[in-house]
Amino acid sequence: MTKRIQRWLTVFVTALMMAFSVQVMAGEATANNEQLGESVVKKEVIGFAGADYWHAVKDGQKGYTTSGWPEHDVLISVPGQTWYILKEKWMSPLGAMAIFGSLLMVTFAYFVVGPLKLSKPKTGRKIQRWSRMDRALHWSLAFTFLTLGFSGLTLVYGKHFIKPIVPTEVWGWIIYIAKQYHNYMGPLFAIILLAVVVKWWRKSIFNKVDIDWFKKMGGMVGKHKGSHPKAGFSNGGEKALFWLLAFFGVFIVISGFVLDFPIFDQTRRHMELSNLVHMISALILICGFIFHIYIGLFGMEAGLDGMVTGEVDETWAREHHSEWFEEVKDLPENQPSYREAQQHEVKSKPSSNT
């Protein structure tokens with residue numbers, strides 16, 4: 001009976017402490033109220049359980065519980081406070097600096113270095129580069145990654161940039177939707193990422209040509225700008241981005257599953273480590289894709305055509321992927337006569353409505 005009373009008393013004191021903590025947080029706008037709240041909490045805590053008891057709890061000393069779940073017998077996780085400081089005081093600010101730094105770098109590149117232009121005019125002859133399956137995988141991965149990145153950044157930084165300017169109810173819905181979307185879209189991203197890696201890994205194996213491409217910085221900056229170094233189907237930069245995605249994507253997926261499905265006896269230490277790995281890997285990929293998006297939209301003339309239509313102009317193919325162009329230029333599907341015949345066949349087919 002005595003032990004039962006002690007357990008109920010401990011639960012009651014814990015609830016009472018939480019209530020007083022909420023009162024203190026609500027009154028922290030006024031210094032006098034804050035001091036009063038702290039003194040009340042201290043008196044109540046010491047009065048019910050004694051100072052020695054709460055010193056032991058703060059030190060992480062275990063208690064007693066009928067639950068068999070790991071760490072249910074620990075009321076306060078001391079290492080968790082270290083993790084919180086690491087995440088909030090170091091990782092979050094450094095991550096924001098990395099993202100804004102990447103945005104500043106591509107802005108600098110556009111206005112100071114300038115986009116990479118074609119050396120010769122387009123010929124109008126089209127070369128088949130990406131299949132419909134390739135484009136579907138690319139845009140599916142891009143959509144899931146960008147939306148997951150946006151929802152993840154909302155969860156991490158929304159309290160600093162969104163919460164202060166919207167009503168409390170609106171902020172509640174924003175953070176709820178962001179969290180739910182992140183949880184349910186994450187597994188889909190994992191499936192698409194696996195499909196992309198399986199589909200494109202052969203095209204992303206490095207070779208000697210890529211060494212020269214890196215030496216000349218892809219012909220995009222410095223004395224080599226506009227030189228258009230040789231490249232196969234994928235140049236050195238595209239291969240580097242692919243392996244960056246594959247490597248850190250694995251860490252994102254594994255850590256995301258640990259966070260998304262806490263049903264494998266994960267302890268708080270596992271969750272904290274997974275959170276940090278997830279954040280670091282995601283920030284690295286976000287910064288990498290800022291440069292990828294810049295090249296596709298602004299940094300290279302006609303750089304996005306292939307992923308929109310599946311075809312690129314002959315001049316673009318010859319200048320940016322010369323070795324690949326030599327391999328495919330004589331294929332039947334890349335001959336004007338073949339394309340004209342296909343277009344004529346499509347036009348001559350009877351309409352299904354007639």
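Accessible areas here come from the Shrake-Rupley method with a 1.4 Å probe, and for residues only the protein chains shown count as cover. On this basis the protein exposes about 22,700 Å², of which carbon and sulfur atoms supply 67%. The model is a predicted one, in which local features need pLDDT of at least 70 and side-chain atom pairs count only at pLDDT 80 or more, while totals for chains, interfaces and linings use all residues. Residues are numbered from 1 along each chain as its sequence is written, and side-chain values use heavy atoms, with hydrogens and water left out.

Of its 354 residues, 34% count as buried, where buried means under 20% relative accessible area, exposed over 50%, and partly exposed in between (1.4 Å probe, protein chains only).

The UniProt record, an unreviewed entry, lists residues 94–116, 136–157, 181–201, 240–264 and 276–297 under "transmembrane region". Its positions are given in the numbering used here, feature names are shortened, and annotations may be inferred rather than shown by experiment. In the model, residues 181–201 are 95% helix and 0% strand, with end C-alpha atoms 29 Å apart. Residues 276–297 are 100% helix and 0% strand, and the C-alpha atoms at the ends of this span lie 31 Å apart.

Next comes the interior. A nonpolar core is a set of buried Ala, Val, Leu, Ile, Met, Phe, Trp, Tyr and Cys residues joined through side-chain atoms within 4.5 Å. The largest such core holds 44 residues, and those touching the most other members are I127, L141, F189, V196 and W324. At least two residues of this core come from each of α4 (78–113), α5 (132–161), α6 (168–200), α8 (236–260), α9 (268–299), α11 (314–320) and α12 (322–328). Helix α9 gives the largest share, nine residues. Leaving aside neighbours within four places in sequence, V196 is in contact with L137, L141 and F242.

Another salt bridge pairs R129 with E238, whose closest N and O atoms are 3.9 Å apart. R129 lies in the loop between β1 and α5 and E238 in helix α8, so the pair ties together parts 109 residues apart in sequence. Here R129 is buried, with a relative accessible area of 7%, whereas E238 is partly exposed at 32%. E326 and K329 also meet through their side chains, at 2.9 Å from N to O; E326 is partly exposed at 47%, and K329 is partly exposed at 23%. Finally, salt bridges link K87, E88 and K159 in a network.

Note on methods:
Helices (H or I, at least four residues) and strands (E, at least two) are DSSP runs, numbered from the N terminus. Contact means heavy atoms within 4.5 Å. A salt bridge is a side-chain nitrogen of Lys or Arg within 4 Å of a carboxyl oxygen of Asp or Glu.
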